[in-house]
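Here is a short report on a predicted model. Please look through the sequence and the structure first.

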Amino acid sequence: MLPPIQDKRFQDLPPQGFQFACHPGVACFNQCCRKLELWLTPYDVLRLRRRLGLSSEEFIERFTEVQAGQNGWPMPRLLMRADDPERICPFLGDQGCTVYEDRPGACRTYPLGRATKGGRDGGPSEEGFFLVREEHCQGFAAGPLWQPQDWIKDQGLETYNAVNDQFLPIITRQAPDPNPQVIASKMRMFFMACYHLEAFRQFVGQTRFSQLFVVPPLRLELAATNDLELLRLGFDWLRFAIFGDATMVLREGAAQKT
Ligand code: SF4
Ligand code: SF4
């Protein structure tokens with residue numbers, strides 16, 4: 001079973017779906033783009049920094065604060081504007097979101113909540129939906145009726161959900177080794193493969209990576225130029241190297257270390 005929902009803002013999804021419309025005409029327009037605790041997933045960062053023409057490092061440095069997130073893994077949190085009394089999102093402009101096509105998954109999903117469970121060796125084995133009703137949000141007052149899959153499609157969430165589902169088998173587990181030095185090195189591996197793709201690309205291309213692992217040449221070729229393919233390779237590598245999952249295959253005789 002999916003975990004029970006305990007926050008009173010979280011409500012059951014009515015069988016007929018939910019009525020919702022958010023547009024510049026609602027009185028609360030942009031009110032939700034402030035004072036946010038917005039943790040960014042690796043795919044959020046990939047999309048945003050590409051949109052802004054920044055390297056991963058520049059983006060993380062300029063727009064985020066890296067803190068211990070879920071299970072202690074280092075994750076970037078979007079910094080709200082310190083020079084604004086309302087602490088608005090740095091991407092909020094007069095006409096709304098200035099990075100709309102590449103806005104984070106959390107901004108796309110609201111007011112639909114998605115819970116997943118299991119599925120370490122593929123997609124989630126269970127998926128459930130609920131509603132998140134913020135008091136100030138007037139989007140529920142009018143608009144079409146949405147079923148979860150229609151909302152996901154409308155908000156361009158398919159790739160976000162698919163990539164985040166591949167991230168979950170890592171982020172939902174604790175680094176298992178009790179040795180602080182080993183844990184620190186695992187944290188660095190995690191951050192490089194998830195949030196510093198330029199460095200990970202160099203690691204894959206210039207180390208013994210392809211001598212150690214059996215990786216189809218096409219996959220390596222794609223990862224050399226395509227950030228999403230590289231990120232997916234990174235997730236597989238992290239699962240193998242940190243948790244011993246069978247997500248990578250060592251070449252015969254290769255040393256048992258990465
Ligand atoms: S509070 Fe709700 S309706 Fe208002 S802008 Fe945000 S999501 Fe849209
Ligand atoms: S990224 Fe865009 S949608 Fe998300 S909080 Fe910032 S301005 Fe709002």
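The exposed residues Glu-57, Glu-61 and Arg-62 sit on the face of α2 that is turned away from its buried side. The buried residues of this helix, which spans residues 56-63, are Ser-56, Phe-59, Ile-60 and Phe-63.

What do the buried residues of α2 pack against? Their partners are helix α1 (42-52), strands β3 (64-68) and β4 (74-78), and helices α6 and α7.

## Helices α6 and α7

Two packed helices are described by the angle between their axes and the distance between the axes. Helix α6 covers residues 180-195 and helix α7 covers residues 197-206. Their axes cross at roughly 105 degrees and come within 6 Å. Angles of 65 to 115 degrees count as roughly perpendicular, so α6 is roughly perpendicular to α7.

From α6, the contact uses Met-192, Ala-193 and Tyr-195. From α7, it uses Leu-197, Ala-199, Phe-200 and Phe-203. By class, the residues of this contact are seven nonpolar, no polar and no charged.

Definitions and conventions
Residues are numbered from 1 along each chain as its sequence is written. Chains are lettered from A and ligands numbered from 1 in the order in which they are written. This is a predicted model: local features need pLDDT of at least 70, side-chain atom pairs count only at pLDDT 80 or more; totals for chains, interfaces and linings use all residues. Side-chain values use heavy atoms; hydrogens and water are left out. Axes are lines fitted to C-alpha atoms, for helices over the stretch in contact, and angles run from 0 to 180 degrees between N-to-C directions. Helices (H or I, at least four residues) and strands (E, at least two) are DSSP runs, numbered from the N terminus. Angles under 35 degrees count as roughly parallel, over 145 as roughly antiparallel, 65 to 115 as roughly perpendicular and the rest as oblique. Contact means heavy atoms within 4.5 Å. Ala, Val, Leu, Ile, Met, Phe, Trp, Tyr, Cys and Pro count as nonpolar, Asp, Glu, Lys and Arg as charged, and the others, Gly among them, as polar. Buried means under 20% relative accessible area, exposed over 50%, partly exposed in between (1.4 Å probe, protein chains only).
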